[in-house]
Amino acid sequence: MASVAADKSGGGGGGGAGLLRPSRMCYLAVLSMAFWSLIFYVHSAVQGNVASVLLRPAALTSLPLLTPFLMAGEDRCAGRRVYMYEMPKRFNADLVRDCREYSRTTDMCKHVLNGGFGPALPGGGSLPERGAYDSDQYTVALIYHERMRRYECLTGDPAAADAVFVPFYAGFDAAMNLWKSDLAARDALPLDLVDWLTRRPEWRAMGGRDHFWVAARPIWDFYRGGDDGWGNALMTYPAIQNTTVLTVEANPWKGIDFGVPFPSHFHPSSDADVLRWQDRMRRRDRRWLWAFAGAPRPGSTSTVRAHIIEQCTISSSCTHFGSSPGHYNSPGRIMELLESADFCIQPRGDSNARKSTFDSMLAGCIPVFLHPASAYVQYTWHLPRDYHIYSVFIPFTDVSRRNASIEERLRKIPPATVARMREEVIRLIPRVTYRDPAATTQVTFKDAFDVAVDAVLDRVAKRRRAAAEGSQYVDVFDGHDSWKHDLLEDGQKLVGPHEFDPYL
């Protein structure tokens with residue numbers, strides 16, 4: 001401001017030559033700052049959270065801001081507009097209607113409630129006071145669809161869109177047909193989808209390279225090759241390979257699918273909800289060094305999971321559910337266990353990734369991974385590439401071959417390092433949480449949906465720029481080194497030997 005004022009005083013006009021007078025813009029800026037400071041104070045006071053917001057050292061870093069500061073008249077949706085198809089109900093609503101066919105063991109009909117969040121739970125205890133739900137791990141497609149309906153930059157004009165969202169519930173279709181021996185039945189709706197999409201003018205604009213959708217199951221359910229094998233063949237169709245696919249577990253050796261977090265049991269409605277929860281997790285009394293929230297596999301004593309349970313059982317510093325199977329489906333019991341420990345073990349489950357990873361992060365419990373495909377090469381959009389700052393890696397081979405004591409490894413970590421790692425986990429909570437779609441005015445943080453959509457828009461923008469220049473933006477690399485491209489630092493182009501090579 002001084003330089004602006006000096007320029008004005010140096011002019012030949014009359015009135016106080018050489019006197020530095022604040023400009024009208026300066027006064028407006030000061031008034032604006034005072035006004036918004038007052039609003040912030042009143043809002044915090046209403047929430048009863050003034051002390052925690054103003055006095056906590058980590059307050060300014062706990063919530064990643066949703067949007068940067070915008071100048072007057074600036075378009076907040078520039079580069080962020082999304083067009084969403086209004087699809088025939090057979091691709092989404094009819095699948096939800098038939099929810100009882102989803103699983104033989106899980107009542108999926110209750111989990112489709114509340115836009116995929118599942119039944120609301122009473123707050124308190126080990127759960128948040130507000131925004132607690134019994135969320136299933138495979139309802140992410142519903143959550144993204146509901147959120148996109150209220151997306152602030154949703155447009156009805158496909159020509160103005162920066163990306164196109166396809167609300168197809170691929171996971172529901174796959175789950176309902178996985179056990180059918182008739183491959184034509186498994187592939188019927190995926191083929192129908194491709195036929196419907198490729199006939200659309202919105203598709204022809206970029207050949208689907210600006211389209212994205214959510215698979216909402218491990219990607220292996222969509223990669224069947226040939227006339228036998230597991231799942232359907234959706235991901236093998238050339239048209240689908242042009243799109244961007246979001247899934248709770250990606251394929252490390254393909255380049256078109258990207259991991260997004262499983263839903264946890266917390267779906268906040270405001271910044272205050274998140275800050276309160278983060279404060280609770282910082283103050284939580286953690287009486288156990290480590291914990292494992294997982295069921296044993298019947299009849300097996302040689303698996304990594306069996307060795308984890310064996311080590312935990314004989315330790316006085318570890319807790320697990322033991323022979324209480326009812327606890328595995330109780331959100332309150334699960335969160336109580338995870339919140340009571342410094343470290344939470346995350347071995348591979350039925351597939352590489354686990355919902356428990358994000359439940360443990362919500363609990364402020366430092367995840368311990370035994371395989372890089374459980375997180376490090378999955379959630380590159382949402383988690384730091386430097387995994388040491390928020391997690392511990394113990395190779396699964398060390399556990400299965402009895403070469404390592406989990407407890408001994410964890411005890412070697414200095415308390416100050418543990419505290420820093422826990423703070424990083426707590427800081428990451430907003431990025432791995434899906435907020436309430438109806439919450440708009442009291443939210444300034446980026447949640448898992450925001451992070452994923454921003455990454456999709458960035459990818460599509462690079463593709464669009466390359467096409468305008470007559471070239472092709474290449475970020476799809478199949479093969480054994482595919483996963484390495486997602487771990488490259490900014491500016492890096494070549495992949496080489498990596499510490500994860502032995503596992504991938």
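Reply: Start with the contacts of the whole chain. Take those between residues at least 6 apart in sequence: 72% of them join residues at least 24 apart. Keep in mind that this is a predicted model. The protein has 504 residues, and 53% of them count as buried. Its secondary structure comprises 19 helices and ten strands.

The largest nonpolar core holds 114 residues. Tyr 144, Leu 246, Trp 290 and Phe 343 have the most contacts inside it. Helix H18, residues 448-468, gives the most to this core: nine residues. In soluble globular proteins, nonpolar side chains tend to be buried together.

Look at Tyr 144 in detail.

A second core is separate and has 20 residues. Trp 277, Ile 334, Leu 362 and Ala 363 are among them.

The axes of H11 (residues 271-283) and H17 (residues 415-428) come within 10 Å and cross at roughly 160°. The two helices are therefore roughly antiparallel to each other. H11 passes H17 in a right-handed crossing. From H11, the contact uses Gln 278, Met 281 and Arg 282. From H17, it uses Arg 422, Glu 423, Ile 426 and Arg 427. By class, this contact has two nonpolar, one polar and four charged residues.

Terms used:
Residues numbered from 1 in each chain as written. Predicted model: local features only at pLDDT ≥ 70, side-chain atom pairs only at ≥ 80, totals over all residues. Heavy atoms only, no water. Core = buried A, V, L, I, M, F, W, Y, C linked by side-chain atoms within 4.5 Å. Buried < 20%, exposed > 50% of the residue type's maximum accessible area, 1.4 Å probe, protein only. Helix = DSSP H or I, 4+ residues; strand = E, 2+ residues; numbered from the N terminus. Axes fitted to C-alpha atoms, helices over the stretch in contact; angles between N-to-C directions. Parallel < 35°, antiparallel > 145°, perpendicular 65-115°, else oblique. Left-handed = near helix turned anticlockwise from the far one by under 90°. Contact = heavy atoms within 4.5 Å. Nonpolar A, V, L, I, M, F, W, Y, C, P; charged D, E, K, R; others polar.
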